[in-house]
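Q: Could you take a close look at one part of this model for me, the place where the two domains of chain A meet?
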Amino acid sequence: MITALAHFQARRVWHSVFDAAPLTQERLGHDASPLIRDFIASCRQQRIALDWRRHVHWLRWLEQQGRHTVSHEPAVRKELLAACASAWAHDGYIDPDASRIVIADPLTAQALSACRPSRFAERVRVCHVRCELPDSGPILCYRTLAAEQASPWHAL
Amino acid sequence: MADSMHGIGVNLTRRSQIDPVRQMIEDGSADHVEVLIDNFLSCEPASIRDSLGDIPLSLHIMRSRFLERPAADLPALGTRLRAFIRELQPFAVSDHCARFTEQGLPLAMLAEVDYRNSRTLCTRIAGWQEALDHPLLLENFPSLGEEGRAQPAFFAEAAARCGSGLLFDLSNALIAAHNGGAVLEDWYPHLATVHHLHCGGYSMLDNSPLRIDSHDRPLADDSWQALAQLLDAGRLPRLGSLTLEFDHDIDYPAWRRDLARARTQLAGRGS
C-alpha cells in the first residue's frame, strides 16, 4: 500500500506542477517523471511544503540539479512564476486580506502579478508589471497588496 | 424525497465549470448547486447569486483545516465564511473531518483522523461550528483501512456532543467498506436523520486493491445498487438533497445521464 500511495502522490505532484507548466514539461521531455520523484524526496528531506510556492521550489531544485538550460530560460521562468502567482491567487486561505501578489525575478529582471477575482465568474489574471525590483541579489521575492498597501518584499 | 426542496444537484469546484453548470440548471438537469467555497473566497458573495441565479445552494468547505489550524484563527476564518452564508442562505454548510498535513507538511492525499482523540476533535468541531454560526455537516471519510471502523461511532459522538450533522457520502462509505473500514450497515442508525447525500465516482489506487474517492468518472454500479437498496428499505426518510460529484476529467454528458438516472431512481420510491 505504501508503494501505491507513493506512486499516487508522485502522480498528484506531477499534475500539480506540470498542468500549469507545459513548456517546462516539454523542455524536460522524458526526464520529467523521474525528476518529480527525486524532487518529492528532496522536499520531504528538507521539509519543504509543496504549497502555493511549489513551482518556485521546483525551479530552484532544477537549478540545484544543474538543469540551467531549462531553469534559466526566460520563458520557463515566466511560466513557473506565473503558476506560483496564480496558485497564490486561487488559495483564499493565504493572506486573506490581500488582493494581489507581485513576484520579482532578479535573474530576468521581470515581475509578474496575479489578482484575486472579486467576482465569482472572473478568472485569475496574471500579467507582467513594471516595478522597482528588490535589492535581493539572486533571490526570488514576492510582496502582496491589500487595499493598495504593499507588504515588504519576502524571499520566496 | 421527504424534504424535497433541493432535489438532485451538482458540485461546482472551479470557475471553468460555471458555464456548463449554468446550462445544467437551465435545462433542468440540476436542481441545486453545491459550491466549493474555498475556491471563491475572494469573491463578493453576491456575485455568486449573480451567476447562478436563485437556485438552491449549499456550501462545501474542503481546506479550512479547522482541526489543524491554531484555534485562534478560526473566528476570523468563520467571519469570512459567514459573509457568504448570510448572503447566499445555503441549505447546508459542510466540511471535512480529516488530516491535511503531517508534521507540518501538506499530504498529497487526505488522511483519516484518529477517532480515539474524539474529545479533542469534538472541541474543535464545536468551535468551528460556533465560528460559522451555522449548523455544520461533516462528511464521512473514504477510509483506506480498518482504522476507519470507528468512524460511525465517532459521528454519533460528535452529533451528541456538538450537534453537528452527517453529510453522508454514499460512495465514500462504499470505498471505506471495500478498504476494510466501516461497512454500510454500520451507518444505518445514522441514516434516519440524514438530510443530504453525496455520491461520486471512485477509482482504484494504482497497483493496489484500494479504492480512492477520485470524482473523475460516473457513479459505479455498486453505488447505484446501494442507493436503490437504501431507498427501497426506507432508510433515508428525511432525504432532502442528493449531490452527484464530478471534479476531474469531467464528462458532462455522462454527468447529465447520472443526474437523470438518479432522478428516475428517487422518483416514486417514497423516500
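A: Six residues of domain 1 of chain A are in contact with eight residues of domain 2 of chain A, where contact means that the C-beta atoms of two residues, placed from the backbone, lie within 7 Å. On the domain 1 side, the touching residues split into four nonpolar, one polar and one charged. Here Ala, Val, Leu, Ile, Met, Phe, Trp, Tyr, Cys and Pro count as nonpolar, Asp, Glu, Lys and Arg as charged, and the others, Gly among them, as polar.

Keep in mind that this is a predicted model, where local features need pLDDT of at least 70, side-chain atom pairs count only at pLDDT 80 or more, and totals for chains, interfaces and linings use all residues. Residues are numbered from 1 along each chain as its sequence is written, while chains are lettered from A and ligands numbered from 1 in the order in which they are written.

So where are the two domains? Domain 1 of chain A covers 2–71 and domain 2 covers 83–155, with bounds from an automatic or database domain assignment. Their centres, taken over C-alpha atoms, sit 22 Å apart.

Now zoom out to all of chain A. Its C-alpha atoms fill a box of roughly 50 × 35 × 25 Å along the principal axes. Of the 156 residues in chain A, 31% are buried, meaning that 20 or more other C-beta atoms, placed from the backbone, lie within 10 Å of a residue's own. And if you take contacts in chain A between residues at least 6 apart in sequence, 55% join residues at least 24 apart.

Terms used
A residue is buried if 20 or more other C-beta atoms lie within 10 Å of its own, exposed if 12 or fewer, and partly exposed in between; C-beta atoms are placed from the backbone.
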